[in-house]
Amino acid sequence: MLRLILFTCVISFSSFADDGSRLWLKYDLIQDAAVRKGYAKSLKKIVLTEQTETSKVAASELQEALKGLLGKDINISNVESGTNTIILKIDSKATVHGKEGFEIKQTGKNTTITSQTDVGLLYGTLAFIRQ
């Protein structure tokens with residue numbers, strides 16, 4: 001009887017476990033409220049300087065990640081202004097390694113992710129989220 005109860009508990013628990021469908025894109029809320037509040041305070045806006053299908057995906061994925069991690073919506077804009085902003089920038093003259101390379105740079109209270117191509121921008125955005 002005890003084995004049956006134990007087996008039932010294990011099966012019940014496993015039905016609530018992560019099923020892996022989100023793969024590495026797990027944007028669970030940061031549990032430490034002070035850390036979460038600090039990040040939320042320092043991230044106010046996402047700026048997308050060039051609109052391509054892939055760069056829009058990068059901005060959308062970043063927005064989704066921040067919503068999950070911080071529990072707050074972050075707007076996407078195409079206007080570079082203000083502070084506490086994440087700027088996603090395509091610059092064909094960027095000094096990065098190849099067309100898919102990227103640079104993540106902190107300048108004052110803004111973070112800029114730069115690449116020569118939109119694919120590199122997507123890779124840089126995913127790297128930023130993992131950090």
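Visitor: Which residue in E3 is the bridge partner of Leu 48?

Guide: Leu 88. Before we go on, this is a predicted model, where local features need pLDDT of at least 70, side-chain atom pairs count only at pLDDT 80 or more, and totals for chains, interfaces and linings use all residues. Residues are numbered from 1 along each chain as its sequence is written, and side-chain values use heavy atoms, leaving out hydrogens and water.

Visitor: In what sense do strands E1 and E3 pair?

Guide: Strands (E, at least two residues) and helices (H or I, at least four) are DSSP runs, numbered from the N terminus; two strands pair if DSSP finds at least two bridges between them. Here E1 (residues 45-48) and E3 (residues 85-90) run parallel, over 4 bridges.

Visitor: What is the strand order in the open sheet?

Guide: Read it as E2-E1-E3-E5-E4, 5 strands with mixed pairing. E2 (75-77) and E4 (102-107) are the edge strands, each pairing on one side only.

Visitor: How many salt bridges does a search of the whole structure find?

Guide: Side chains of opposite charge can pair when their charged atoms come close. The cut-off is a Lys or Arg side-chain nitrogen within 4 Å of an Asp or Glu carboxyl oxygen. The whole structure has 2. Lys 56 joins Glu 53, closest N and O atoms 4.0 Å apart; they sit 3 residues apart in helix H3, so about one helical turn separates them. Asp 73 joins Lys 67 at 3.7 Å between the closest N and O atoms.

Visitor: Is Glu 53 buried or exposed?

Guide: Buried means under 20% relative accessible area, exposed over 50%, partly exposed in between (1.4 Å probe, protein chains only). At 62%, Glu 53 is exposed, while Lys 56, at 38%, is partly exposed. In the other pair, Asp 73 is exposed at 55% and Lys 67 partly exposed at 44%.
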